[in-house]
Amino acid sequence: MNEIKIAPSILSADFARLGEQVTEATQAGAHYIHVDVMDGHFVPNITIGAGIVKALRPWTDLPLDVHLMVEEPERQIPLFAQAGADIITIHIEACPHLHRAVQQIKDLKVKAGVALNPGTPLNLLDEVLPSLDVVLLLTVNPGYGGQPFLEEMLPKIARLRKRLDEGGLKAELEVDGGIDAERAPRVARAGGRVLVAGAAIFNSRESVGEAMARLRASLKGG
Ligand code: DX5
Ligand code: ZN
């Protein structure tokens, strides 16, 4: 299975020592650090703001992959770009002016991603898909880490993979929610290329290094 990237989500990390956990994930071979931003409106939970991204910036050279689960993301985009985000992904469901918001991210020289909740159809991406750097497919209903993976999302991943390949489109297909060593191979076989994992990486059962090694090993099976 060609290079599948792993993006540990700090949502399940120890918030009392985020810098160290980001360093552990970096040293364990992560490709991106996935930062789940929640505003308590678009999703019930509140997590972190741009100030935490700014504080984490010096702790890793990896791309900071910021997932904005917020209402009116256009107001947050400049703040997270300024804080050091390398990828900013906004939710299509929170963006009546999606084309403008994607352009706003790209004008700030940051990679632009669009995320879709499980119930949102792929064709809503049609007009912006060619300009995207990332499409993030949610395989849980967003708002919390550690939720069960929604198996019925596998065909949606495969359909998007087909669209991207047939169109020769550059967007990375990133999958987010409930991914662990058991589901990772199926997500990769369906066409996911960047796998977000929160609870599977940051948990009390094992070290970040052990968890990353287990997830990577599960992908070696091909
Ligand atoms: C949406 C968040 C979470 C997180 C991954 O709720 O985006 O999906 O990144 O969390 P796990 O891997 O614990 O489901
Ligand atoms: Zn996320």
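The model is predicted, so local features need pLDDT of at least 70, side-chain atom pairs count only at pLDDT 80 or more, and totals for chains, interfaces and linings use all residues. Residues are numbered from 1 along each chain as its sequence is written, chains are lettered from A and ligands numbered from 1 in the order written, and side-chain values use heavy atoms, without hydrogens or water.

The largest pocket has a volume of about 370 Å³. A pocket is an open set of points on a 1 Å grid over the protein atoms alone, where a 1.4 Å probe fits, with protein on both sides within 12 Å along at least five of seven lines. The volume is the space filled by probe spheres set on the points, which are joined across faces, edges and corners. The lining comprises 31 residues (those with an atom within 4 Å of a point). Gly146, Gly177, Gly178, Gly198 and Ala199 lie nearest the pocket centre. Strands E2 (33-38), E3 (64-69) and E8 (194-197) each supply at least two lining residues; strands are DSSP runs of at least two residues (E), numbered from the N terminus.

E2 provides the largest share, three residues. The shell holds 20 residues (a heavy atom within 4 Å of the ligand). Asp36, Gly146, Asp176, Gly178 and Gly198 come nearest.

Backbone polar contacts (N or O pairs within 3.5 Å) reach oxygen atoms of ligand 1 from Gly178 at 2.7 Å, Gly146 at 2.8 Å and Tyr144 at 3.2 Å.

Technical notes: Helix = DSSP H or I, 4+ residues; strand = E, 2+ residues; numbered from the N terminus. Polar contact = N/O pair within 3.5 Å; in protein donor to acceptor, adjacent residues only side chain to side chain.
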